[in-house]
Amino acid sequence: MGLVYFFPILWMFLTSLKTELQAIAIPPLLFFEPTFENFTLIQERSDYFKHALNSVATSFGGTAIAMALAIPAAYAMATAPGRWTKDLLLWMLSTKMLPAVGVLMPIYLIVQKLGLLDTRLALAVIFAMVNLPIVVWMLFSYFREIPAEVVEASRIDCRRTRDTIRHVVVPLGWGGIASTALLSVVLCWNEAFWSINLTAADAGTLAALVASFSSPEGLFWAKVSAVSVLACAPIMVLGWFCQKQLVQGLTFGAVK
Amino acid sequence: MKNNTGKQMLAATVSSLLAIAPVTGAFADLTIATVNNGHMIEMQKLTKHFEDKTGIKVNWVTLEEGVLRQRVTTDISTKGGQFDIMTIGMYEAPIWGAKGWLEELDFGAAYDVDDILPAMRGGLSADGKLYAAPFYGESSMIMYRKDLVDRAGMEMPDNPSWGHVRDVAAAIHNPPNVYGVCLRGKPGWGDNMAFITTVANSFGARWFDEEWKPQLDSPAWNHAVSFYVDLLGTYGPPGSSSNSFNEILALYNEGKCGMWIDATIAASFITDPKQSKVADKIAFAQSPIAVTKRGANWLWAWALAVPAGTKQAADAKRFIEWATSKEYIELVAENNGWGSVPTGTRSSTYANRNFLQAASFADAELKAILSADPSNSTLDPTPYTGVQFASIPEFQAIGVEAGKQMSAALAGNISVEEALANAQNAADREMRKAGYY
């Protein structure tokens, strides 16, 4: 099963080491003399590090904004659920079902009027908004697992709600918060639609860089594979190092 | 650790927010939106010569073709101002020029505007004014495997009849090693419909009559599409309904296609031994015809234009003047050889001996480009210009819908009659909505 999941990544990596002619060979080549020319060509033709930096900034920035909004929202819904909490959560999730292209023009115009086209700030805010429903849902599930008695007791010690969140809820739900943040970073990193449509020369992310290697007239599979490897590598490394926290957080409360 | 959690979160948040602080747009630079193809990439590499000469810095934004159209349309219609130079095609240039969305291009005598091939210049102008300068141009032609055709004892003359093309395809068809003919089938106004329109033109069909009424339900369209579906279904590779230029290029370079009728630009790829296994076995002929030669081969150019409203129009025009000049073509030749220069734009390129020696396809390409006439591309008169498209804003939507229908007919999901009736309805609806009648 693991091999089935891993095969596309393996194939992408192998294709990135082929020439364009080897990449289109029928039947596909498994054994060949590897070349790194696609990787050098990518750096020659574009600024990989600039795009990578934009990806890092927008992913972490977007996640920070989403977490700042979602933690208080999820806390309120988890600790003091009202009559409409479930409906509200479902409504939030339903916004994820709206095709992004349906709101492209209004968002494009808003960003343009604000003078934020081709900026990392615009992308980070949009990434945050796009991921907010999932982030709130996940945090809501984690915060609900925190015993109500603990939260109530903390209200006696902490005068303000924000102190309760800061000193009790966040430390107790740290595993869940970390895994939610990680998932949000991954989702932001992989977001392509808004990156391609709202950026030009300055704020393009790695997803936009990958898309730029598709060609209407000419072979490009090997080059796209190489740039995809470079785009996936940082997030795969991050995922590898954080897999313990990620699994821990995602399974938090699952067996209760 | 837990006591520090709040501080850690705050630090992470602040540093993340600092990282996304707006990057101030460097308005002194030129930003060019372009597609990713060999000639454009070469221009990107050589731009340092322009930068050194003028001190103007150029930023490149490379986009996938469909995204490029969407982005530049959005940018120009909302006056977004993200791009100072746009790569547009022969479809957009006259429409946008007439709307006042593009700056007129008027270069000095040294540029030698009369050297630009008349078909290209005409196709990129509106009301006699040039709105985009061609960077490279193309028509369509037959690119066939001479070794296979010779072995089959057949010949491939210029402008053969479609019946002859079918006979040749039958003679060299030897699946799964070689398929008789490879043609575009992937839906899209610039994909399958570009090719199908040339077939339809040669069968005497037209998109609209003089009153702008769609003509897809005419017998000529039926004959053309029936022939196309039968030819490609019988002698084409499996899965043709999802093949366009790149997919067929891959098949051709692998030696799987006996014949290919497509953009002349393909000739430079399939005759390149680094890319193609059959580079030395290829010959060219002019496009097939049925009842007329008119519109049997298309005409297209990728061109550079300046959107109206850019703050750097003068610098942008200066760049375009450099990038589409004779000197630029010589610069490419100096760096990469005459076989790599952008073609299909200037008469002087085809008069250059070095180029003619390096490009075996040069004669056939020039002949195809010169024979394409966007203002007279159908047997019966029409109110529109364009060979493989009608140069009106509504065509894009009509062409996309018709492309889906033709692709479905090719895949065998619906009949040719059904596909044409659906396309006719869609076109009729679109034209009524736009107030043509």
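How many residues of domain 1 of chain B are in contact with domain 2 of chain B, and how many residues of domain 2 do they meet? In this predicted model, nine residues of domain 1 of chain B are in contact with ten residues of domain 2 of chain B. The side of domain 1 of chain B that touches domain 2 of chain B is made up of five nonpolar and four polar residues, with no charged residues among them. To this side of domain 1, helix H4 (92-99) and helix H5 (118-123) of chain B each supply at least two residues.

After H4(B) comes Gly100(B), for which phi is positive, near 80°.

Elsewhere in chain B, helix H9 (residues 219-235) packs against helix H17 (residues 395-410) of chain B at an angle of about 45°, and the axes of these two helices lie 9 Å apart. H9(B) is therefore oblique to H17(B), and the crossing of H9(B) with H17(B) is right-handed. On the H9(B) side, Val225(B), Val229(B), Leu232(B) and Gly233(B) take part, and they meet Met406(B), Ala409(B) and Leu410(B) of H17(B). Classified by residue type, the contact of H9(B) with H17(B) holds six nonpolar residues, one polar residue and no charged residues.

Of the 256 residues in chain A, 43% are buried. Among the contacts in chain A with a separation of 6 or more, 77% are between residues 24 or more positions apart. Within chain A, helix H5 (residues 85-94) and helix H7 (residues 120-144) cross at roughly 145°, their axes coming within 8 Å, and the crossing of H5(A) and H7(A) is left-handed. The contact is formed by Leu89(A), Met92(A) and Leu93(A) of H5(A) with Pro133(A), Val136(A), Trp137(A) and Phe140(A) of H7(A). The residues in the contact of H5(A) with H7(A) comprise seven nonpolar, no polar and no charged.

The two chains also meet each other, in a contact that takes 44 residues from chain B and 41 residues from chain A. On the side of chain B that touches chain A, two or more residues are given by each of helix H1 (5-19), strand S1 (30-35), helix H2 (38-54), strand S2 (58-63), helix H3 (65-77) and helix H10 (245-253) of chain B. H1(B) provides the largest share of this side, eight residues. By class, the side of chain B that touches chain A has 20 nonpolar, 19 polar and five charged residues.

Methods. Residues are numbered from 1 along each chain as its sequence is written. Chains are lettered from A and ligands numbered from 1 in the order in which they are written. This is a predicted model: local features need pLDDT of at least 70, side-chain atom pairs count only at pLDDT 80 or more; totals for chains, interfaces and linings use all residues. Axes are lines fitted to C-alpha atoms, for helices over the stretch in contact, and angles run from 0 to 180 degrees between N-to-C directions. Helices (H or I, at least four residues) and strands (E, at least two) are DSSP runs, numbered from the N terminus. Angles under 35 degrees count as roughly parallel, over 145 as roughly antiparallel, 65 to 115 as roughly perpendicular and the rest as oblique. A crossing is left-handed if the near helix is turned anticlockwise from the far one by less than a right angle, and right-handed if clockwise. Two residues are in contact if their C-beta atoms, placed from the backbone, lie within 7 Å. Ala, Val, Leu, Ile, Met, Phe, Trp, Tyr, Cys and Pro count as nonpolar, Asp, Glu, Lys and Arg as charged, and the others, Gly among them, as polar. A residue is buried if 20 or more other C-beta atoms lie within 10 Å of its own, exposed if 12 or fewer, and partly exposed in between; C-beta atoms are placed from the backbone.
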